[in-house]
Amino acid sequence: VQLQASGGGLVQAGDSLRLSCAASGRTFGSSTGGWFRQAPGKEREFVAAISESGTFIIVADSVKGRFTISRDNAKNTVYLQMNSLKPEDTAVYYCGAARLMARSPAAYLNWGPGTLVTVSS
């Protein structure tokens with residue numbers, strides 16, 4: 001499966017963005033979908049993950065209450081709704097597919113090229 005993240009941009013603190021991760025080549029519906037982010041000079045950080053059916057969701061403490069992950073298997077797409085954005089949310093956001101729910105980036109395959117989110121203060 002090939003993944004393509006989109007929806008990033010330059011916003012001000014407090015604004016919202018919705019990222020999309022579209023899959024092609026194979027159905028996304030048989031995989032866990034995960035979002036990660038990587039700021040300059042830092043390691044890739046787990047943001048959120050959603051199970052194949054959408055029944056199970058895990059979210060990083062740093063974004064809990066502000067970010068929501070969802071999926072539409074009919075569209076082969078996983079979303080990340082980001083509200084109340086902060087400057088520290090600035091990073092390249094990546095989506096990945098995994099066989100199981102996991103917080104470790106090592107569990108995910110098929111990374112897309114990422115989409116840049118920049119939050120100004």
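Contact, as the word is used here, means heavy atoms within 4.5 Å.

## Basis of the description

The model is predicted, so that local features need pLDDT of at least 70 and side-chain atom pairs count only at pLDDT 80 or more, whereas totals for chains, interfaces and linings use all residues. Residues are numbered from 1 along each chain as its sequence is written, and side-chain values use heavy atoms, with hydrogens and water left out.

## L80 and the nonpolar core

Leaving aside its neighbours within four places in sequence, L80 is in contact with L17, R18, L19, W35, V47, A48, F67, T68, I69 and Y93. L80 is also one of the residues with the most contacts inside the largest nonpolar core, the others being L3, W35, V47, F67, M82 and Y93. That core has 35 residues, where a nonpolar core is a set of buried Ala, Val, Leu, Ile, Met, Phe, Trp, Tyr and Cys residues joined through side-chain atoms within 4.5 Å, and buried means under 20% relative accessible area (exposed is over 50%, partly exposed in between, with a 1.4 Å probe and protein chains only).

Two or more residues of this core come from each of β1, β3, β4, β5, β7, β8, β9 (91-98) and β11 (115-120). Strands here are DSSP runs of E with at least two residues, numbered from the N terminus. In soluble globular proteins, nonpolar side chains tend to be buried together.

## The four-stranded sheet

An open sheet of 4 strands has the order β1-β3-β8-β7 with antiparallel pairing, two strands being paired if DSSP finds at least two bridges between them. Because β1 (2-6) and β7 (67-72) stand at the edges with a single partner strand each, one side of each is left without a neighbour in the sheet. Neighbouring strands of this sheet are turned by 15° against each other on average, direction ignored; the axes are lines fitted to C-alpha atoms, and angles run from 0 to 180 degrees between N-to-C directions.

Within the sheet, strand β3 (residues 17-24) and strand β8 (residues 77-82) run antiparallel and are joined by 6 bridges, and L19 has L80 of β8 as its bridge partner.

## Strands β4, β5 and β6

The antiparallel pairing of β4 and β5 extends over 5 bridges, and in it W35 stands opposite A48 of β5. On to β6 (residues 57-59), β5 is joined by 3 bridges, again in an antiparallel run, and there the bridge partner of A48 is V59. Of the 6 residues of β5, 5 are buried, which leaves the strand mostly covered.

Each of these hairpins holds a glycine with a positive phi: G41, near 80°, in the hairpin of β4 and β5, which has 6 residues between the strands, and G54, near 85°, in the hairpin of β5 and β6, which has 6 residues between the strands.

Rings of Phe, Tyr and Trp (its six-membered ring) pair if their centres lie within 6.5 Å, with planes under 30 degrees apart counted as stacked, over 60 as edge-to-face and the rest as tilted. The count by this rule comes to 4 aromatic pairs. In one of them, the rings of F36 and F46 have centres 5.5 Å apart and planes at 75°, so the pair is edge-to-face. The two residues lie 10 residues apart, F36 in strand β4 (residues 32-38) and F46 in strand β5 (residues 45-50), and the pair links distant parts of the chain. F36 is buried at a relative accessible area of 0%, as is F46 at 9%.

The rings of Y108 and W111 have centres 6.0 Å apart and planes at 40°, so this pair is tilted; Y108 is buried at 3% relative accessibility, whereas W111 is partly exposed at 29%. F36, F46, Y108 and W111 form one aromatic cluster. The charged end of R44 sits over the ring of W111, 4.7 Å from its centre, and also over the ring of Y94, 3.8 Å from its centre, the criterion being NZ of Lys or CZ of Arg within 6 Å of the ring centre and within 35 degrees of the ring normal.

## Loop residues

N76, in the loop between β7 and β8, has a phi near 55°, a positive value in a residue other than glycine, and is buried at 16% relative accessible area. S84, in the loop between β8 and β9, likewise has a positive phi, of about 50°, but is partly exposed at 41%.
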